[in-house]
Amino acid sequence: MLLESDALAAPRSGVAVQSLDDRERYSRQMLFPGIGQAGQARLSAGRVAVVGVGATGAATAGLLARAGVGQLTLVDRDFVEPSNLQRQTLFDEADALEALPKAEAARRQLARINSSVRVVAYIADLVPGNIEALLAESDLLLDCTDNFETRYLLNDYAVVSGKPWIYAAAVGAFAATMNILPRGAALRGEATACLACIFPSMPSGNVETCDTAGILSTAVNYAASLQVTEALKYLTGQAQLMRRTLISADLWSGERSEIATGKPRADCEVCGGRIFRALSGEGRPHITLCGRNSVQIHEHHRPVDLLELRERLSKLGTVRSNGMLLRFERSPHTITVFPDGRALVQGTTDIGLARSLYARFIGS
Ligand SMILES: [Zn+2]
């Protein structure tokens, strides 16, 4: 589902929106020698994709909109819940009560922060089948996801398209980030190692997530600040100033490390061998666990009529719909369905059970 800020800008009621003078708005940023007037003009022509609009994505998108980046493409598969409000800075209580999709809630808030930024919001799971359509318009890709499956997909796409991407992660009090400049994106500098040069295979076993280890909002904002600073360098034509390291920091213990990421590894399967397993969808599950006792079902590529579904399910449980998604509660499970047929089943991590609930209530 695609929503654009031009069509649906939603200023707060009763507040007259006047256009602000850009020279005044960006005056402090332009005073900074690294940006200046020329850099500000370049930022206004910048087109950036924010992949994942959870905690990191909300912080990153907010910083970019305030900085005056011309176009932001948001991609997120989830909706706002009360447990998000501690750290996801673009959302408020009304968004959580309404269970608004995060991409749409973020788009509305960004339009209030800076109405001159074009915001394109996709309520979607980024997958091999839609990555080109969703990200082709963007010159720089920012990883604000919470999973390595999407990161390896982004890495493949970045290497194929020659677009830079910036890895960022936060969990507990820990934050990490790294710039990946594939051939074609490095401008005056040399290409950097890609994600697969450094981590040839996806981390396996128990990887800590916000749902298991918790998260401090400060760690998120730290990762977002580093990521956006690097983005500003790139967008103002100063890619040669971008860090070529993997930075990680534990804000609670104070431990930090910075490892040089160096050049592409000659025997890297992705940027050397140009074998794109993630982009080809190889081994990709159609059903995934997505934290907080829930399962995502995205094997159905058939649109769902939310009005019809609402009528049918209201006899069987509690149904709420806001036009962008439908939530069906039937204790102890809640199924959230999107118009493209994708669903989040909460209350279980049993994939078989989630699939059978989907078949029973939504359709097979
Ligand atoms: Zn590589």
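This is a predicted model: local features need pLDDT of at least 70, side-chain atom pairs count only at pLDDT 80 or more; totals for chains, interfaces and linings use all residues.
Biologist: What makes the arrangement around the zinc ion tetrahedral?

Modeller: The zinc ion is coordinated by the SG atoms of C194, C197, C268 and C271, at 2.2 to 2.3 Å, and the angles that these 4 donor atoms subtend run from 97 to 118°. Four donors count as tetrahedral if all angles lie between 85 and 135 degrees, and therefore the arrangement is called tetrahedral.

Biologist: What is the ideal angle for four tetrahedral donors?

Modeller: The ideal for four tetrahedral donors is 109.5 degrees.

Biologist: Why is the pair K263 and E190 called a salt bridge?

Modeller: The side chains of K263 and E190 come to 3.8 Å, N to O, and a salt bridge requires a side-chain nitrogen of Lys or Arg within 4 Å of a carboxyl oxygen of Asp or Glu, so the pair qualifies. K263 is in the loop between β9 and α13 and E190 is in the loop between β7 (174-180) and α10, so here too the pair ties together parts of the chain, in this case 73 residues apart in sequence.

Biologist: Is K263 buried or exposed, and how do you know?

Modeller: K263 has a relative accessibility of 57%, and since exposed means over 50%, K263 counts as exposed.

Biologist: Which salt bridges does R277 make?

Modeller: R277 meets E269 in a salt bridge at 2.8 Å, N to O, and R277 also forms one with E282, where the closest N and O atoms are 3.0 Å apart. The structure holds 15 salt bridges.

Biologist: What makes the pair R327 and T336 a polar contact?

Modeller: The side chains of R327 and T336 are 2.9 Å apart, and a polar contact is a pair of N or O atoms within 3.5 Å, one able to donate a hydrogen and the other to accept it; the pair is therefore listed as a polar contact. Beyond four places in sequence, R327 touches several residues, including F79, A99, T318 and Q346.

Biologist: What is noted about the backbone of A99, and why is A99 called buried?

Modeller: A99 lies in the loop between α6 (93-98) and α7 (102-113), and its phi is near 50°, a positive value in a residue other than glycine. Most residues other than glycine have a negative phi. A99 is called buried because its relative accessible area is 3%, and buried means under 20%.

Biologist: Where else is there a positive phi, and which peptide bond is cis?

Modeller: Phi of R274, another residue other than glycine, is near 50° as well, and R274 is found in the loop between β9 and α13. The peptide bond from S331 to P332 is cis, with omega near 5°, and P332 is placed in the loop between β13 and β14 (333-337).

Biologist: Why does T73 count as buried, and which residues is T73 in contact with?

Modeller: T73, in strand β3 (residues 71-76), has 1% relative accessibility and therefore counts as buried. Leaving aside neighbours within four places in sequence, the contacts of T73 include V48, V50, Y122 and L134.

Definitions and conventions:
Residues are numbered from 1 along each chain as its sequence is written. Side-chain values use heavy atoms; hydrogens and water are left out. Contact means heavy atoms within 4.5 Å. Donors are N, O and S atoms within 2.8 Å of the metal (3.2 Å for Na, K and Ca); water is not among the atoms, so sites may look incomplete. Four donors count as tetrahedral if all angles lie between 85 and 135 degrees; four count as square planar and six as octahedral if opposite donors are over 155 degrees apart and all others between 65 and 115; anything else is irregular. Helices (H or I, at least four residues) and strands (E, at least two) are DSSP runs, numbered from the N terminus. Buried means under 20% relative accessible area, exposed over 50%, partly exposed in between (1.4 Å probe, protein chains only).
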